[in-house]
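Start with the sequence and structure below.

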Amino acid sequence: MNFGEIIKATLTDMNIISAITSTIFIILLGFFCRKKGIFTDQVGKILTKVVLTVALPALAFNAFMQDIDGETLKQGMNVLIWGLIIYVILIFASKPLFMKYKGDKQDTLRVLTIFGSTTFFGTPIVSAIYGPVGVMFSSIFNIGYRIFLYSYGYIKMSGLKMELKNIKTMFLNPIVLATFAGLFIWVFQGYMPQVTVAGLDGATQQVAFLRIDQTAIWLFKPMTFLAGLASPLAWLAIGATLGEVSFKKAATDKTSWYYSFAKVILVPALNIILLTVLTVTGILPVSFEALATIVIMMATPTATVAAAYAISFDKEAILASNCSLISTVTAVIMTPIWIVVLEIISKSGLF
């Protein structure tokens, strides 16, 4: 298959196209509803809270309700390792990117570049395209993200030492708890007490008693409905948030555009290059689904927590707000492009 055929096959894949159009159309719907006053200025915040405290935890937990095999476990561990390594790399790589900026401005731009909205922006898109396996990889990848966000990110922006409240936030929020609970069940399901369940074909099988997708359908089903809310509600919230702020003012800030280029284009490109080398050499091989999940997660706009740090500690608060807006618009435009690029990589046989 030549390059032209690869592009044609990618652009005519209805699963890919429908995932892209779903993302864009629902974000535009949220934007329209906010501009027309159908959504109040509180809707975006409320939807965000619902997604982060209810829908995404259900999505993360449900993703681990599947049989385990050696290859998937290996991929999951490689994603976990890379999820720790990449943030160390970005801490150093972000320095030369913003060398011309000094003091608080450089610190803010570096932290905003290192930490994207992987949970709120990235996971719903990964879920729509790559399903439970993608969500599982994104949840595992986010373990390293949260460790560095609430440690390095906080210390860098506040100038203070690590506080107990940040350790609690790191490990006791609903998404992290759901991720660790699901990961524990998935990894150790073969060592748990087993129960006999009947399959769709009438045959029986032995499964771990905590595999609620098999042993407690009455509980798994409502969690499935809640998980299904994650993508549409997140996209509506993004659109509503974009509809609240003045793009015209933020667009005049050249620094925000440069930051957005670094965050949404350079960072995911760096991941593709490094992971390709690691996979080809066999040092840390990842599957296409793992690569695609990581790239989409890294091509996300400013993390809400990172922007909140800048505002809370008065470190270039206006710049952080402008960067958040411009990078969100850039990410909405670039995400479909990255998805197409990833599909081309997949069809070329590199992964």
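## Second largest cavity

In this predicted model, the lining of the second largest cavity divides into six nonpolar residues, two polar and no charged. The lining residues are Ile20, Thr23, Ile27, Ile125, Val332, Thr335, Pro336 and Ile339. The volume is about 40 Å³.

Which helices supply at least two residues each of this lining? They are helix H2 (14–35) and helix H16 (317–347). H16 gives the most, with four residues.

## Largest cavity

The largest cavity holds about 160 Å³ of space. Its lining counts 18 residues. Nearest the centre lie Ser139, Asn142, Arg146, Ile175 and Thr179.

By class, eleven of the lining residues are nonpolar, six are polar and one is charged. Arg146 counts as charged, so it is the one charged residue of this lining.

## Helices around the largest cavity

Four helices each supply at least two residues of this lining: helix H3 (43–63), helix H6 (118–158), helix H7 (164–172) and helix H8 (174–188). H6 gives the most, with nine residues.

## Overall count

How many cavities of 30 Å³ or more does the structure hold? There are two. For the largest, the leading contributor to the lining is H6.

Key: Residues are numbered from 1 along each chain as its sequence is written. This is a predicted model: local features need pLDDT of at least 70, side-chain atom pairs count only at pLDDT 80 or more; totals for chains, interfaces and linings use all residues. Side-chain values use heavy atoms; hydrogens and water are left out. On a 1 Å grid over the protein atoms alone, a cavity is a set of points where a 1.4 Å probe fits but cannot get out, and a pocket is an open set with protein on both sides within 12 Å along at least five of seven lines; lining residues have an atom within 4 Å of a point. Grid points are joined across faces, edges and corners, and a volume is the space filled by probe spheres set on the points.
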